[in-house]
Structure formats: structure tokens, C-alpha cells
Amino acid sequence: MVFKLTSRILINPLVISRFSFQFLVRSYTRSFVCRSFAGFQEPDRLCKPLSFCSSTLSAKLCWENSSHAILLQKLESALREHKVGEASESFNDFRRLYGLPHTSLVARLVTELSYASSPNWLQKAGDLVVAILNMKCDFLPPVILNKVVLSLARAQMPIPSSMILRLMLIKEIPAPMNVLCLVILHMVKTEVGTCIASNVLVQICESFLHLCTEKGKHAKAIKPDTMIFNLVLDACVKFGLSLKGQQIVELMAKTGVVADADSIIIIAKIHEMNGLRDEIKRFKDHIDLVEIPFVSHYCPFYDSLLSLHFKFGDIDAAAELVLEMTRRQESRSNVKPMKNLQKPCIVPIGSEKLKNGLKIQILPELLKKDSALRVETKSALVIFKDGKLLPSNKALAKLILGYKKQGRISELSELLVCLKAELCSGKGSSLCDDVLDACIELGWLETAHDILDDMESSGNPMGSSTCIALLTAYYKQNMSSIGNALLRKIRKHGWITNLSNESIISACLSKLSDKSPHCTNVFSFISQSRLHESLVQEIQEEETTISPSVFQLNSSIYFFCRAKMIEDALKIYRKMQEMKIRPTVHIFSHLIDCYSSLHMYRDITILWGDIKRNMDSWDLVCRDLYEFLLMSFLRGGYFGRVMEIIGYMERDSMYIDKWLYKSEFLKLYKNLYRSLKASEAQTEAQAKRLEDVHAFKKWASID
């Protein structure tokens with residue numbers, strides 16, 4: 001009787017819940033209970049547990065101190081003492097048994113994890129937030145989500161940070177602009193982070209445009225500001241992602257975000273990288289009107305424009321721009337200040353003749369002083385000195401080479417005369433002397449003599465040192481007749497009076513070995529200039545320079561593609577093939593973009609064949625181009641080509657934003673071949689496509 005009563009007391013299903021019993025058996029009395037209850041066969045008899053356990057065990061078996069309460073207490077204690085490891089373990093135990101605890105506890109845990117220094121804990125915080133967002137979008141307060149996103153970005157973990165940002169966008173929990181700006185600021189410090197940040201910005205802009213179409217209430221909250229665009233665009237320049245940068249510029253125009261002074265500098269650099277001279281020229285009319293304090297800021301802008309003039313082989317435009325820059329301070333003083341500085345100017349993208357062309361808004365004199373962005377201001381061709389924009393030695397070298405190639409030395413002389421008039425005002429200038437000395441040092445004696453004559457006929461005679469340097473070069477190259485004629489001219493100017501012709505010739509031929517006072521004074525002027533070094537460098541770089549015709553054809557193809565005139569663009573492309581001119585990455589990108597906008601995805605496969613055939617010899621390996629091809633083939637349903645592009649990118653160790661392509665697949669082909677098996681394919685083509693689809697789904701982790 002006592003034995004039966006004991007069994008009723010200890011086995012009472014109404015008193016001990018299933019989970020409490022399981023926990024207590026595991027944690028406290030596993031061995032004791034197993035030995036004590038092995039032979040009991042009457043668990044259905046009911047009685048209250050009054051006797052059998054000690055007072056300590058009875059307290060642990062109480063309802064108030066069940067596993068639920070104990071785990072919560074343990075979690076709270078660990079959080080209070082900032083023991084991240086114990087808190088995470090207790091949370092996982094609780095979650096397995098009962099699901100998520102109260103929001104406040106989860107928020108405290110996520111905060112502790114996000115403040116941890118270890119990347120492992122940060123990753124756990126990101127994984128937890130992603131899991132919660134997929135289950136309950138409103139479970140965690142936005143401030144906690146923002147905190148985790150920023151912590152991950154600061155720790156250079158852009159992938160989990162971007163996952164949370166994208167989920168917040170989908171769940172309509174937009175991050176504040178100041179938080180988003182900080183996140184982007186940390187992301188763009190690396191190339192992978194820049195790739196992700198640019199894709200996130202594209203997604204934000206597309207969501208904004210979609211909400212604007214539907215007049216959604218959250219549209220204004222997710223509209224990115226100018227600083228976010230500037231950060232991403234500047235990173236695109238830094239890591240050479242010029243095609244992605246062009247896409248961001250167009251989104252800036254579509255979303256109506258106003259470009260400030262920093263934006264204009266960066267956009268000009270992107271246009272330079274893409275060879276789009278006409279795009280920069282459309283900005284120039286507005287930049288020319290800015291106040292004098294802003295002139296130094298726009299030095300890189302004029303540098304980009306001048307660089308493209310040279311790449312297009314347009315020496316006249318380059319010379320005109322150089323003269324405009326040197327005259328800028330005087331001409332600017334006669335221009336009235338810009339009115340309505342807060343009213344944006346409009347600059348067309350593509351061509352102003354296009355009916356539905358994009359237009360970007362700019363404020364050339366809007367420059368934020370406390371900006372987190374530090375735009376790269378290095379200029380190779382234009383320098384700012386003494387309140388003026390001046391051509392560098394590199395720019396002068398390009399001008400000299402350009403005029404010499406075209407046999408237009410007299411026009412080069414005219415340019416030098418004009419520059420001398422602008423630069424030497426009262427101080428004197430060594431510009432013309434430097435040009436002549438550089439020509440002499442390179443052995444271009446005829447060119448130097450022509451410039452010398454042109455300068456003298458224009459009333460700007462050269463100095464004695466330059467003439468003597470040319471005279472020395474003539475005698476060294478056994479050109480005595482021309483040298484004697486020049487010597488007579490030198491004597492006429494009175495630069496040499498007390499030396500005989502034989503002495504002068506002897507001094508020239510002995511390379512200044514005569515140490516007499518007269519010869520030392522006469523020939524001490526001769527020295528090598530930095531302009532000579534720039535000329536030598538430009539001559540060496542000419543071998544690898546792209547032909548100006550390529551830039552001109554690229555510009556024409558870009559225009560036709562912007563106007564959706566694909567047939568005209570293809571005529572130029574085929575003409576390039578006939579002329580054996582190598583298309584650039586930019587030409588292929590223009591054609592792919594146009595085909596994609598017209599949903600002509602099959603034609604892109606033909607272009608892809610051309611790219612593959614010439615990939616190694618033409619240096620067409622480019623992340624931006626691969627991404628354009630990958631997205632186009634995915635939208636067109638060419639999964640074989642998709643996997644091919646992925647293979648090339650993985651071969652070249654390029655990061656691929658899987659989220660981007662996974663989202664696009666689920667949007668377009670969510671139920672594609674969901675139930676069809678390989679054995680059920682009716683044709684070989686269908687079987688191959690099914691194989692490619694499954695390969696993509698496996699790669700993108702799509703169930």
C-alpha cells in the first residue's frame with residue numbers, strides 16, 4: 001500500500017508539465033529518477049507530491065521555478081553581467097524549448113552581441129536579426145536594427161550588414177538617412193563593400209521610384225540624400241567601377257537628388273573614365289560661372305575635360321580650354337554673380353534632343369563644409385597657382401606632341417605667345433624657354449628653330465640661353481651652315497661680342513670643357529627642364545595609348561544607345577569590326593544596356609560570343625561588364641549563360657552579390673520547374689535548361 005501511494009505521489013501528470021519534467025530529469029535527478037521509477041506500471045493514479053523528495057529538491061520542482069523561469073533568470077543574469085557567451089547559450093536553450101523570449105530581452109542580447117569585439121559574436125547578432133526579421137518584422141525596435149547594421153558595417157562585415165538593410169527595406173522599416181550614411185561610409189572602404197553598397201543604393205532608388213509611382217507613404221523616408229550618392233560614386237572612382245558609377249549617376253537624375261559641388265567633380269571623373277566627353281561639356285557652361293573662391297575646387301573638373309580632349313585627339317579644343325583657364329580670373333571679374341544659388345541648374349544626360357532623356361539637377365556652388373567625404377583632388381593636367389588654373393608640364397607636353405604630329409608648329413607658337421602674355425604679366429616667364437629647351441634636348445632642332453623664328457616675328461624674341469643652346473646642338477650634329485646663320489643672329493643681338501666663331505664652335509664641340517671666364521658665363525644657362533622629362537614620358541606612353549578614333553566611335557555608339565537607336569549603334573560596331581578596331585568594355589556595355597532596355601536578350605548572347613573570343617587579347621575582364629551580362633541573362637532566362645558568367649567571375653576571384661540575383665530570380669521565376677524532374681523532361685533542350693536552373697538555385701541557396 002505504501003509502495004503504491006508513493007508511485008501516485010511522484011507520478012502526477014497534472015502537477016508536473018512535460019517540459020518541466022524533461023528539464024528537471026535532465027538537469028537535477030536524471031540518475032535518481034531512472035533507478036526509482038524503472039518498475040512502476042501505474043502512472044495514471046493521481047495524488048499530490050507531499051512526501052518522497054527532500055526540501056531542496058521539492059523547491060526545484062515547484063511550478064514557480066520551472067525550466068522556463070530558470071532559463072529566463074539565467075539569461076537576465078548573464079546580460080546584466082555582460083557575459084555574452086552565457087547569455088547566448090541560455091538564449092539558445094530557451095529558444096529551443098519555448099521560442100523567443102520577451103522583446104526587451106532579445107533586444108538586450110542583440111545589443112550585447114553587436115557591441116562585442118569578436119567578429120563571431122557580431123555574425124551571431126546579424127544571423128539572429130535576419131532570422132527574426134524573416135519571422136516577425138516588428139519584433140525588434142528599429143533602433144536595435146540600426147545599431148546592428150552599423151556595428152557590422154564598422155567591423156567591415158558588409159555582407160550581413162547589407163542583408164539586414166535589404167530586409168528592413170522590404171519590411172518597410174527604413175533606416176534613418178544619418179545611419180544609412182554612416183553604414184555606407186564604412187562599407188565603401190573596400191572594393192567588395194563598394195560593390196554591395198552600390199547594389200543596395202540601386203535597390204533603395206528602385207524602391208523609392210516604385211513607391212512614388214504608387215504614391216506610397218514611405219517614399220520620402222527612403223529617398224537617399226546627396227551625401228550617400230557622393231560616397232558611393234567616389235568609391236566607384238576609387239575602385240575603377242566606372243560602369244556602375246554611370247548607373248548611379250542616372251539613378252541620381254531619376255530620383256531627383258540634387259548634385260552638389262563634390263558630386264560634379266566625381267561625376268566628371270566617371271565620365272572621363274567612360275570616355276564621355278560630351279557629358280562633361282554639358283556641365284562646363286554652369287561651372288564657368290561659379291565665383292572665384294570655387295575655382296580651385298573645380299580644378300579636377302577641368303582636368304577631366306582636358307584629359308578627354310587629348311584622348312579624342314582634339315588639340316584645338318585642348319588649347320582653347322587651356323587659354324580659357326588662364327584668362328579665367330580677368331574674365332570672371334566682369335560676370336555678374338549667379339542668381340538664385342539655391343535654385344538647381346538642369347543638365348541633360350545623353351542628349352538634350354532626346355524627348356524622354358534624363359536630366360540631373362546641380363548646384364555648382366553648394367559645398368558642405370562638414371562633409372564626411374574627402375574627394376580626391378589630384379590633377380595631372382591642371383594645377384591651381386596664384387589664383388589661376390594653369391596647365392601642368394604634362395599638359396604642355398601633350399600639346400607640343402599633338403601640334404608636332406599634325407605639323408602645326410606655327411599654331412603652337414601662337415599658343416605659346418598667348419600663354420606668355422597671360423602668365424608673365426610684369427614678372428617674366430620661362431615657359432617659351434622651357435619649350436624650346438625641351439625640343440632641343442629631344443633633338444627636334446627644326447621644330448625649335450621654327451618656334452624661335454615665330455616668336456621673334458611676333459615681337460617676342462627668345463633669350464640668349466635658349467639661342468645658345470640651339471646653336472650648341474647644331475654644331476654637335478655637324479649642321480654648321482644653319483649654326484653659322486644662327487650665330488650671326490646671336491651676334492646681332494649683342495649676346496656674344498668678344499669671342500671668335502672658332503672659339504664658340506670649339507666650346508660647343510668640347511661640351512663646355514673650356515673653363516675660360518667668357519665661355520663659362522655664356523654657357524652656364526644650359527640645363528635640363530622638367531618639361532623635357534614630361535615629353536619623354538608622353539612619348540613612351542604613346543605606344544599603349546588608345547586611338548582617338550575608338551573614343552569617337554564609343555561616343556557615337558553611346559548616343560545611339562541612349563536614343564534606343566540600336567540599328568545605328570550596330571552599324572558603327574560592325575564598321576569597327578571591319579576596320580579591325582578593338583571595341584572597349586564601354587562599347588560593349590552601351591550595347592548590352594540598350595539591348596536589355598529593349599528586352600532583346602537573345603542578341604546579348606551574340607555579343608557575349610564576341611566578348612569571349614577576344615577576352616584575353618583585348619583585356620575585356622571587368623566586374624561591371626560581367627554584372628551587366630549576368631543580370632541581363634538572368635532576366636532573359638538564359639540560365640546556361642548565367643552559370644557561364646558565374647564561372648568566369650569565380651575564376652577571377654570576383655565577389656558576386658548573391659542576394660541581388662537570388663531576389664531577381666524569385667521575382668521572375670519563383671515557381672519555375674518546381675515540380676518537374678529531370679526524367680520528365682520532354683526534350684534535350686528542356687533537360688539542359690532544367691539542369692542549369694537547378695545549378696543556379698543551388699548556387700544561390702534557393703530551396
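Buried means under 20% relative accessible area, exposed means over 50%, and partly exposed lies in between. The exercises below concern a predicted model.

**Exercise 1. Classify F94 and Y98 by burial, then describe their ring pair.**

Step 1. Place the residues. F94 and Y98 both sit in helix α6 (residues 84–98), four residues apart, about one turn of the helix.

Step 2. Apply the cut-offs. F94 has a relative accessible area of 3%, so F94 is buried. Y98 has 27% relative accessibility, so Y98 counts as partly exposed.

Step 3. Read the ring geometry. The structure holds 15 aromatic pairs. In the pair of F94 and Y98 the ring centres are 5.2 Å apart and the planes stand at 50 degrees, so this pair is tilted.

**Exercise 2. Find which helices F639 and Y669 lie in, and say what their pairing ties together.**

Step 1. Take the geometry. F639 and Y669 are 5.3 Å apart, centre to centre, with 70 degrees between the planes. The pair is edge-to-face.

Step 2. Locate the partners. F639 belongs to helix α36 (residues 639–651) and Y669 to helix α37 (residues 658–669), so the pair ties together parts that are 30 residues apart in sequence.

Step 3. Check burial. Both F639 and Y669 are buried.

Step 4. Widen the view. F639 and Y669 belong to a cluster linked by ring pairs, together with F665, F696 and W699.

**Exercise 3. Identify the residues that touch the most other members of the largest nonpolar core.**

Step 1. Name them. The core has 159 residues, and Y298, F301, I360 and L399 touch the most other members. Helix α12 (residues 191–213) supplies the largest share of this core, 10 residues.

Step 2. Follow one of them. Beyond four places in sequence, L399 contacts F310, I315, A318, A319, V322 and L415.

Step 3. Look for another core. A second, separate core has 53 residues, including I581, V585, Y601 and I611.

Step 4. In soluble globular proteins, nonpolar side chains tend to be buried together.

**Exercise 4. Describe the surroundings of I362.**

Step 1. Assign the element. I362 is in strand β2 (residues 358–362).

Step 2. Judge burial. I362 counts as buried because its relative accessibility is 0%.

Step 3. V347 and I362 are 15 residues apart in sequence, and their C-alpha atoms are 7.4 Å apart.

**Exercise 5. Decide how many disulfides the model holds, and examine C594.**

Step 1. Use the cut-off. A disulfide needs two cysteine sulfur atoms within 2.5 Å. The count comes to zero.

Step 2. C594 is buried, with a relative accessible area of 1%. C622 is buried too, at 18%.

**Exercise 6. Find the charged ends that sit over the rings of F312 and W444.**

Step 1. Start with F312. The charged end of R277 sits over this ring, 4.4 Å from its centre.

Step 2. Turn to W444. Here the charged end is that of K404, 4.7 Å from the ring centre.

**Exercise 7. Locate stretches where pLDDT stays under 50.**

Step 1. Begin with the chain. Its mean pLDDT is 83, and 83% of the residues reach 70 or more.

Step 2. Where pLDDT is low, the predicted coordinates should not be read in detail.

Notes: Residues are numbered from 1 along each chain as its sequence is written. This is a predicted model: local features need pLDDT of at least 70, side-chain atom pairs count only at pLDDT 80 or more; totals for chains, interfaces and linings use all residues. Side-chain values use heavy atoms; hydrogens and water are left out. A nonpolar core is a set of buried Ala, Val, Leu, Ile, Met, Phe, Trp, Tyr and Cys residues joined through side-chain atoms within 4.5 Å. Buried means under 20% relative accessible area, exposed over 50%, partly exposed in between (1.4 Å probe, protein chains only). Helices (H or I, at least four residues) and strands (E, at least two) are DSSP runs, numbered from the N terminus. Contact means heavy atoms within 4.5 Å. pLDDT is the predictor's confidence in each residue, from 0 to 100. Rings of Phe, Tyr and Trp (its six-membered ring) pair if their centres lie within 6.5 Å; planes under 30 degrees apart count as stacked, over 60 as edge-to-face and the rest as tilted. A charge sits over a ring if NZ of Lys or CZ of Arg is within 6 Å of the ring centre and within 35 degrees of the ring normal.
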